[in-house]
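Dear colleague,

Please find the structure below, together with its sequence.

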Amino acid sequence: MNYKIALIRGDGIGPEVVGEAVKVLEAVGEKFGHTFTYEDVLLGGCATDAVGKSYPDGTAEKCRACDAVLLGAVGGPKWGSDRPAEQRPETALLAIRKDLGLYANLRPAVLRPALAGACPLKKETAEKGIDLMMVRELTGGIYFGKRDRYQTEDRGEEATDLMAYSEKEIERIGRRAFELSRLRRHKVSSVDKANVLETSRLWRSVMHRLAAEYPDVEYEDVLVDNCAMQIVRDPGQFDVVVTENMFGDILSDEASMVTGSIGLLPSASIGDTAPGLYEPIHGSAPDIAGQDKANPIATILSVAMMMRYSFHLSAEADAIERAVDAVLSAGWRTPDIAEPGVTPIGTRKMGDLICAEI
Ligand code: NAD
């Protein structure tokens, strides 16, 4: 098969980690008989420098002409908040997610066996393993609701942010979660605050309706405050966790931290139509850019997610994940995950070793 991939290399370490991910794509293509072709798409600070806008005209069209999008990272101190909005990299990130209709954000939090020592939780908790998938609603809720700030007569200034969800928005993200659980361990935990919020009560009723349609999937409701506790107490109990935008923003960062390094965690943002967007959860790490120090594994694992969720190539995805585990088990480490006494390797060498394993 031939697949066309839009490459948004971006800023800072973005081009370095995407470079290694492309090497891995080539290794997968060779092993499994696929051809990958690439379309470079300019976005972020580098686009501001080149054409004066972080989200150049035609970006979404270029991406839509591809089967999937791979993004490194964008941003850096050079394009800070003193710039007008159209020159800031964050503006471009929000715009591309919206324009491609990416309403579901998938963030796996997996404690890789070779790195169990990096888990900040109790040893016996880490030993039980962590392999959860956070499914966050990405285009609704309080981050996209009406906001206002006004002067009152007697209470000083007042501000409001509106949290709104429709049945349709809840149902489509819920369905994603149930379908995903069928590719995993058949369990969905839906997180809400139904004891306080009306949006959560609607959320819960839609989820219950869906749960009846998926009798093979174990279902539970979890209040968001309890979920935050359970992630540090016993994260191994979770398989697929589905939640609204703001709860997901907070809980997915918490879940990432319990697995160790930021340089290892991939993500996917998907909608109802192609292309999905795949990216590491980390930023552009300007402090180590251009020094061959960045860990490319998060981006390489994002390619594994692309294989699995956009191209339905699970053997290829498994091959990438197994190669990463093999290289880590053999003791190879980039500086961010190197234990004391271990001599770290660089970005390129890590990419080469993973390709060789594939
Ligand atoms: P960051 O994730 O870039 O870096 C945080 C720390 O983690 C740094 O010490 C960095 O060196 C380290 N780190 C990150 N990725 C690493 C990797 N792959 N290998 C080794 N070490 C790694 O977060 P930040 O410093 O808060 O942000 C830097 C810039 O990135 C900002 O401009 C921010 O807006 C942007 N950002 C972009 C995205 C994105 O593109 N999706 C996400 C987050 C932050």
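I begin with strand 8: Lys187, Ser189 and Val191 point one way, Val188, Ser190 and Asp192 point the other way, and all are buried (under 20% relative accessible area with a 1.4 Å probe, protein chains only; exposed is over 50%, partly exposed in between). Side chains of a regular strand alternate between the two faces of the sheet. Strand 8 is thus described as mostly covered, with six of its six residues buried.

The model is a predicted one, in which local features need pLDDT of at least 70 and side-chain atom pairs count only at pLDDT 80 or more, while totals for chains, interfaces and linings use all residues. Residues are numbered from 1 along each chain as its sequence is written, and side-chain values use heavy atoms, leaving out hydrogens and water. Helices (H or I, at least four residues) and strands (E, at least two) are DSSP runs numbered from the N terminus.

Strand 8 pairs with strand 9 in the parallel sense over six bridges (pairing requires that DSSP finds at least two bridges). Within this pair, Lys187 stands opposite Glu218 in strand 9. The open sheet has ten strands in the order 2-1-3-12-11-4-5-10-8-9, with mixed pairing. Strand 2 (35-40) and strand 9 (218-223) stand at the edges with a single partner strand each, so one side of each has no neighbour in the sheet. Elsewhere, strand 4 (residues 104-110) and strand 5 (residues 131-137) pair in the antiparallel sense over seven bridges, and Ala104 stands opposite Glu137 in strand 5.

Helix 8 (residues 224-233) has Val224, Cys227, Gln230 and Ile231 as its buried residues. Seen down the helix axis, these fall within an arc of 110 degrees, so they line one face of helix 8 (the arc is that of the directions from the axis to the C-beta atoms). They pack against strand 5, strand 8 (187-192), strand 9, strand 10 (240-243) and helix 9 (245-257), contact meaning heavy atoms within 4.5 Å. The face turned away from the buried side carries the exposed residues Met229 and Arg233.

Finally, the axes of helix 1 and helix 12 (residues 347-357) come within 9 Å and cross at roughly 15 degrees (axes are lines fitted to C-alpha atoms, for helices over the stretch in contact, and angles run from 0 to 180 degrees between N-to-C directions). Helix 1 is therefore roughly parallel to helix 12, a term for angles under 35 degrees.

Yours sincerely

Conventions:
Parallel < 35°, antiparallel > 145°, perpendicular 65-115°, else oblique.
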